[in-house]
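Visitor: I have not looked at this structure before. Please take me through it in questions and answers.

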Amino acid sequence: MAAYALGVLDEEDHEAFQSHLMTCEECQVELRELSEVPGFLDGVKRDRSNALDDDRMPH
Ligand SMILES: [Zn+2]
């Protein structure tokens, strides 16, 4: 479930999960809760780009 939210599933797993999601109320609720965590997804992207910036910038 968290793997889906983080976008790390491959295409086949992603489609399988989306099909499951249509019929599974539990997963729909979980996905909605995850997507409502402030900065949950943004934080992951920001951490990655900061790490890249640190490698590029002279200290
Ligand atoms: Zn489910």
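Predicted model: local features only at pLDDT ≥ 70, side-chain atom pairs only at ≥ 80, totals over all residues.

Residues are numbered from 1 along each chain as its sequence is written.

Visitor: How many helices and strands are in the protein, and in what order do the elements run?
Guide: Helices (H or I, at least four residues) and strands (E, at least two) are DSSP runs, numbered from the N terminus. The protein has 4 helices and 0 strands. From the N terminus on, the order is therefore α-α-α-α.

Visitor: In which helix is confidence lowest, and in which is it highest?
Guide: pLDDT is the predictor's confidence in each residue, from 0 to 100. The protein averages 76, and 58% of the residues score at least 70. The lowest mean, 59, belongs to helix H4 (residues 40-56), and the highest, 91, to H2.

Visitor: What share of the 59 residues of the protein counts as buried?
Guide: A residue is buried if 20 or more other C-beta atoms lie within 10 Å of its own, exposed if 12 or fewer, and partly exposed in between, with C-beta atoms placed from the backbone. H2 is hardly covered, with a buried count of 0 among its 13 residues. For the protein, the share is 0%.

Visitor: Is Phe-17 buried, exposed or partly exposed?
Guide: Phe-17 is placed in helix H2 (residues 11-23). Around Phe-17 there are 17 other C-beta atoms within 10 Å, so it is partly exposed.

Visitor: How far apart are the end C-alpha atoms of H2?
Guide: The expected span of a helix is 1.5 Å times one less than its number of residues. For the 13 residues of H2 this should give 18 Å. The end C-alpha atoms agree with that, at 19 Å.

Visitor: Which residues does Ala-3 touch, not counting those up to four places away in sequence?
Guide: Ala-3 sits in helix H1 (residues 2-5). Ala-3 is exposed because 11 other C-beta atoms lie within 10 Å. Two residues are in contact if their C-beta atoms, placed from the backbone, lie within 7 Å. By that rule, Ala-3 touches Val-8 and Leu-9.
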